[in-house]
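Please work through the following exercises with the sequence and the structure open beside you. Try each task on your own before you read its solution.

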Amino acid sequence: MSTDDNPFDGPDRELKRGPFQQWVDNSIQNPQQVYRAMLYVVTFFFVVTTLFPFYWLLVLALTPGDRISEAGLAPAGFNPEVFITIFEQVPFLRYMFNSIFLALTTTAIVLLLASLAGYVFGRLEFRGRGPLMLLVLAISYFPPAAFFLPLWDLFNGNVSIFGVSSPSLYNTPGSMLLPFSALFMPLSIFILTTFYAQIPDGLEDAARIEGTTRLGALFRVIVPLSAPGVATAGVLTFIAVYNEFFFSFLMTDGRAENWAPIVGGILQFQRAGQFETTYNAMAAASIVAVLPVTILVVIAQEKIVSGLTSGALKE
């Protein structure tokens, strides 16, 4: 066999490569191109899996009620009036107000108490701090259903302590604010503890020398310097409460005047039709219900990302 017939002879002879080998060779020589391609693939997968449910809701919302069975990847008709109808059939604005009020109030309570707890766990040394912190975090892993029966008795006046019956909180904001605050507070305590522990002691000492108290130093120095962490804890709490269904469904009768949240308003469209469920109205109501959270996330996305990444660093 001659040298020309042997592909392995000769120092400058290139090996014959298939498409896959050529792609690997190009990837080694130009890794930025591979990273860019991977980013496009992941982004496409994320967009499809995340936004397709909202697109499907839009398809159902725009399809007239009597043609829902004909809907495919495109609406079977065009009925934008449904976004006005949802406010006429049920008091949907009141349901939205109830959810936003419950979410904002719970967030304020959680941030206030979690800030105090985060200061204690993050900046003070005391015996049993580690086990106590683990106990607080363990509460967040308990299923909410485990608390329902005792809370039901407590909020309906069935619990008596020293001859004094508990107040009846059914169909009131209190029956939801108390469980929400207890369930969503551990995560906020953990986030704020991590941030407050990173603030240099010299800054707090300087504020104390100027005559402020520990609480003054907390809210005037530590909290402002931990703004990404506070914003992250607040946004996560707001979203969790706004989307909560279990306690709000069981602690109210579903009527807007009795502080039922937005999920109760969406469920009202099951009875809005005379003989059938109005699926297009439910889809339209779901889209409208998502808008406040979407706007909040878009506005606070930089704070959320900064809070989640900065909190992982120990300086």
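The exercises below go from the whole chain to single residues, with a worked solution after each task.

The model is predicted, and local features need pLDDT of at least 70, side-chain atom pairs count only at pLDDT 80 or more, while totals for chains, interfaces and linings use all residues. Residues are numbered from 1 along each chain as its sequence is written, and side-chain values use heavy atoms, with hydrogens and water left out.

**Exercise 1.** Describe the secondary structure of the chain and state what share of its residues count as buried.

Solution. Begin with the DSSP runs, where a helix (H or I) has at least four residues, a strand (E) has at least two, and numbering starts from the N terminus. On this basis the chain comes to 13 helices and two strands. Next, take the relative accessible area, for which buried means under 20%, exposed over 50% and partly exposed in between (1.4 Å probe, protein chains only). Of the 315 residues, 36% count as buried.

**Exercise 2.** Find where Ser226 is placed, and decide whether Ser226 is buried or exposed.

Solution. First locate Ser226 in the loop between α9 (214-225) and α10 (227-242). Then consider its accessibility: Ser226 counts as buried because its relative accessibility is 0%. Finally, look for contacts, meaning heavy atoms within 4.5 Å; leaving aside neighbours within four places in sequence, Ser226 is in contact with Phe195, Tyr196 and Ile199.

**Exercise 3.** Examine the salt bridges of Arg123 with Asp201 and with Glu204, and work out which helices they join.

Solution. Recall that a salt bridge is a side-chain nitrogen of Lys or Arg within 4 Å of a carboxyl oxygen of Asp or Glu; the structure holds six of these bridges. In the pair of Asp201 and Arg123, the closest N and O atoms are 2.9 Å apart. Because Asp201 lies in helix α8 (residues 201-209) and Arg123 in helix α4 (residues 92-123), this pair ties together parts that are 78 residues apart in sequence. For Glu204 and Arg123 the closest N and O atoms are 2.8 Å apart, and this pair links helix α8 with helix α4 across 81 residues.

**Exercise 4.** Classify the aromatic pair of Phe121 and Phe126, and then the pair of Phe142 and Phe147.

Solution. Rings of Phe, Tyr and Trp (its six-membered ring) pair if their centres lie within 6.5 Å, and planes under 30 degrees apart count as stacked, over 60 as edge-to-face and the rest as tilted. The structure holds 15 aromatic pairs. Among them, Phe121 and Phe126 are 6.2 Å centre to centre with 45° between the planes, a tilted pair. The rings of Phe142 and Phe147 have centres 6.1 Å apart and planes at 50°, so this pair is tilted too. As for accessibility, Phe121 is buried at 11%, while Phe126 is partly exposed at 30%; Phe142, at 47%, is partly exposed, and Phe147 is partly exposed at 28%. Elsewhere, ring pairs link Phe148, Trp152, Tyr170, Phe246 and Phe247 into a cluster.
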